[in-house]
Amino acid sequence: MQVLIPTSLRSYTRVSRVEAAGATLGDVLADLDRQFPGIRFRMLDEQEQLRPHMRVFVNGKAIHDLAQPLRATDDVSIVQALSGG
Amino acid sequence: MARTPLKPTARKRASTPAAKRASRSQPPGRVVLLVATRKGAWLYRGDAKRKTWQVDGPHFLGHIVSHMRLDPRDGRTLLAAAKTGHLGPTVFRSTNLGRTWTEATQPPAFAKAPAGVAGRVVDHTFWLTPGHASERDTWYAGTSPQGLFRSEDGGVTWAPFSTINDDPQYREWMGTVQDGTPDGPKLHSIIVDPRDPAHLYFAMSGGGVHESTDGGRSWSTLVMGLEVVGGFDPSTITFHDPHCVRLCPSNPDRLYQQNHCGIYRLDRPGDQWLRVGRKMPKRVGDIGFPMVVHPRDDDIAWVFPMDGTSVWPRTSPQGRPAAYMTRNGGKTWRRLDSGLPGSQAWWTVKRQAMAADAQDPVGLYFGTTSGELWASPDEGARWSCIAQHLPEIYAVEAVELA
């Protein structure tokens with residue numbers, strides 16, 4: 001499926017949209033890390049929680065659960081909430 | 001608090017200050033300043049006279065870089081502890097003095113907690129210490145919230161080190177994020193005894209100073225003589241807030257410490273810190289963050305006091321910044337402000353943001369919360385500003401390249 005990558009993570013992917021596979025959101029993030037080593041830990045902490053400010057939308061709907069099942073046709077957007085100084 | 005006696009040492013102390021200061025064996029190299037800031041990292045490369053500085057940077061623009069260190073064992077590997085406001089913490093690594101960087105494949109991270117138990121999350125890696133000279137590629141890292149980590153492959157992969165990260169007693173001493181310093185409680189001042197890789201120290205803000213003589217298998221507290229904020233009980237380790245602890249390279253049995261509550265010296269094997277800051281002028285006080293020791297003379301140290309009165313403004317006292325130097329182990333202190341602003345300067349210097357090089361005379365360097373980099377080629381006698389308009393400076397390290 002297509003995954004939209006936020007600008008803050010493009011040092012890993014170089015491009016804004018990448019292809020990744022997986023049956024769940026957790027699997028997709030693992031696949032991204034296989035392709036772009038290091039990217040997962042910058043989004044997800046060691047307790048398997050999305051870090052503050054990281055948001056994931058699937059077909060426009062906010063998803064918080066890594067076990068969320070995904071289909072190959074889903075459109076995944078990783079978005080970084082803008083805040084801070 | 002029982003301590004195991006240290007291994008016998010073969011250290012020979014030079015008998016006079018002059019002999020101590022003449023003991024350097026290699027010709028001086030070029031000094032490079034490693035400057036870590038709230039918005040990226042810079043390298044400043046000095047000329048042979050340490051007069052002009054060539055800027056190299058920014059590296060990681062926009063990243064919060066807490067610390068950047070050179071591996072003294074190979075003279076070319078740099079590690080930088082970084083995160084941004086939004087992305088998780090990581091460690092970047094360069095094996096060519098910053099021309100190219102790669103990321104740690106496994107940055108410092110706490111163990112995953114069992115289901116139903118709240119685990120801790122590394123917010124940022126705060127402190128980096130290269131391991132012992134005999135343990136090539138070994139590094140230590142301290143994090144916020146307090147955690148101790150070690151790498152044995154030059155900083156590529158990191159694992160929790162020792163048992164303290166999950167030890168119930170240590171977790172109690174660490175307190176909660178609520179108890180910590182404004183940008184998070186920190187584990188810092190990781191020190192490896194140059195005579196013995198198994199002899200380690202670290203400090204926590206808050207949580208006191210700790211020592212291991214068995215390579216991290218067991219630890220004992222090292223807080224006797226340290227004061228805590230008035231009204232609190234110094235026997236409660238949580239209340240101890242060491243800001244920066246340094247070991248004298250010329251005498252590894254001597255430590256200096258800048259604490260939330262004063263400046264201290266400790267001579268081992270003693271375990272009683274002595275508040276040498278009592279000799280500082282009363283109007284300046286002995287509160288501050290950095291602590292710097294002389295590379296060849298254990299009687300010489302520098303501090304950079306800040307205003308720790310009332311609401312803790314964390315500015316220069318009276319808006320008049322100055323370093324203070326002792327030449328006699330803290331018995332007396334001398335103000336060093338020549339070249340620094342004489343009034344209305346409200347910046348200060350964070351705990352990793354002041355450093356000495358190993359040249360003769362010693363060069364001193366500090367970075368300010370207002371993004372200025374200052375240098376003195378003569379042990380603090382005369383200061384000049386070598387860079388302005390940087391982001392808030394978190395750390396300055398002075399290294400020498402052959």
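## Basis of the description

Residues are numbered from 1 along each chain as its sequence is written, while chains are lettered from A in the order in which they are written. Because the model is predicted, local features need pLDDT of at least 70 and side-chain atom pairs count only at pLDDT 80 or more, whereas totals for chains, interfaces and linings use all residues.

## Where chain A meets chain B

The contact (C-beta atoms, placed from the backbone, within 7 Å) draws 14 residues from chain A and 16 residues from chain B.

## A hairpin in chain B

Strand 16 (residues 242-248) of chain B is largely enclosed by the rest of the structure, because six of its seven residues are buried, that is, have 20 or more other C-beta atoms within 10 Å of their own, with C-beta atoms placed from the backbone.

With two residues between them, strand 16 and strand 17 of chain B form a hairpin; they run antiparallel and are joined by six bridges, where pairing requires at least two bridges found by DSSP. B:Cys244 has B:Gln258 in strand 17 as its bridge partner.

## An open sheet in chain B

Four strands of chain B, in the order 12-13-14-15, form an open sheet with antiparallel pairing. Strand 12 (186-192) and strand 15 (220-221) are the edge strands, each pairing on one side only.

Strand 14 (residues 208-212) is joined to strand 15 by two bridges, and B:His210 stands opposite B:Thr221 in strand 15.

Note on methods:
Contact = placed C-beta atoms within 7 Å. Buried ≥ 20, exposed ≤ 12 C-beta atoms within 10 Å, placed from the backbone.
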